[in-house]
Amino acid sequence: VYMSQQRKAQHEEPAQEEEPVHKKLKDSFPGYPMHKHQTKSIEQHVTGSGEDPISPERYIEAYLKNLPIMQCVASEIPERATHPVVYRLNSNQTLQQALHLMTKHNVLSCPVWDKDLGSYVGFVDLLDILSLVVTTITAHLPKGRDDTRSPLQQVIDNDGVSEVERSSLADLHKTQAFDLSNSSHRDKFQCLYRSSTVYDAIKLLGSDHHRIALLHEDTQEMEAIIAQSTMVKFLYSNLDKLGVKARKPISSIVKLPLDDVRESDVVCIPETSLAFDAFRLMHERQVSAAGITNQAGKLVGVVSASDMKMLLQENTERLDIKGLFKPLEDFVNKAHEKNEYLLQDVVHMAPSDTLGIAMEQMVDNNVHRVFICADGQPRGVCSMQEVLQEFLRLDERTETSTETSTSETTPSPAQ
């Protein structure tokens, strides 16, 4: 079916709806090349010299390597706009101002510009803010602890929350964007240029980078931010060319425990926990979200770094960390009331579902991860990073046959 679709597509005229995209790119980015030669290059790569038919996996690799990154950028241009919108911070702006900017524009990160250096020095994202808040509050908790109570619980039982809150806020208010950038030590600043391809971006986004800056070669101005979500949405819109990947079972991509749910590596926290304990767990495990489970071990909710926006008082640039010392359930419920973009239900899928279903869930629900559940219990989680890694992975049979073919045709030194 796949190959017949490809043969049919070769004889069809190009879709007319692609023209406005090119026009939008040309209007937005003067000098943007149409890259008509790229299509020919793909055909040559796919058909080769007419000897052996290329596998669907190799076709996908060739397609992505010949696709200009600007095609992906075009999908992020808002309606009635001429270019992507980038909200940036100055390096001397405060943590409160960074959180206010991200909350106001509903974004997860902002690039940091240093006027003295005349360049970008990194990104600030919500996980950076989470890490700083957790480490700052932890530093002001009592060092000693007994066998039954955590340091935070001791503070709450002894009515010492106000003192921890006061001293923590004093330190947090001193933090500037320059110091805040990459405080989670998870996402180093990385950039690409117009001449890059979609494949170049996937290689970075599929590793340790959650977003990439697209810079102008001459001015070094940031023209767009390409996030993991940007790339997953773009790939999902092109599944007609990438269908062989979409049909892969999720169990072949994400490691799932066979029977015992206790062997699952999904980061979860009981619903009876304090909100601060959930964020501390996320900081320690270096994840941007954690599942919330009930007494039966079933998944009932999700807490994520996006909930850090709750720390900002409404219509102000002042921080309020009282909510962190309250039950997790209360904190999450209040976050849902305050932010209309947050989902009430957990986005999940079955172990028998495919990668395409995971991508569909991510795009339709605007989430960065999909929990894999069996009988309501979390067995695994598929993140956007794992989706992108799959598009870098060639079919093992193709790789093996290529290596075998090479070894057979390459003469040994003795020969």
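Which residues does Ser-168 touch, not counting residues up to four places away in sequence? They are Thr-136, Ile-137, His-140 and Ile-321, where contact means heavy atoms within 4.5 Å. The model is a predicted one, in which local features need pLDDT of at least 70 and side-chain atom pairs count only at pLDDT 80 or more, while totals for chains, interfaces and linings use all residues. Residues are numbered from 1 along each chain as its sequence is written, and side-chain values use heavy atoms, with hydrogens and water left out.

Ser-168 lies in helix H9; helices (H or I, at least four residues) and strands (E, at least two) are DSSP runs, numbered from the N terminus. With a relative accessibility of 0%, Ser-168 counts as buried, a term for under 20% relative accessible area with a 1.4 Å probe and protein chains only.

Helix H9 (residues 161-172) meets helix H7 (residues 126-139), their axes coming within 9 Å and crossing at roughly 130 degrees. Axes here are lines fitted to C-alpha atoms, for helices over the stretch in contact, and angles run from 0 to 180 degrees between N-to-C directions. On the H7 side the contact is made by Leu-132, Val-133, Thr-136 and Ile-137, and on the H9 side by Val-164, Ser-168, Asp-171 and Leu-172.

Elsewhere, helix H12 (residues 228-237) has seven of its 10 residues buried, so it is largely enclosed by the rest of the structure. Among the buried residues of H12 are Met-231, Val-232, Phe-234 and Leu-235.

Note on methods:
Buried < 20%, exposed > 50% of the residue type's maximum accessible area, 1.4 Å probe, protein only.
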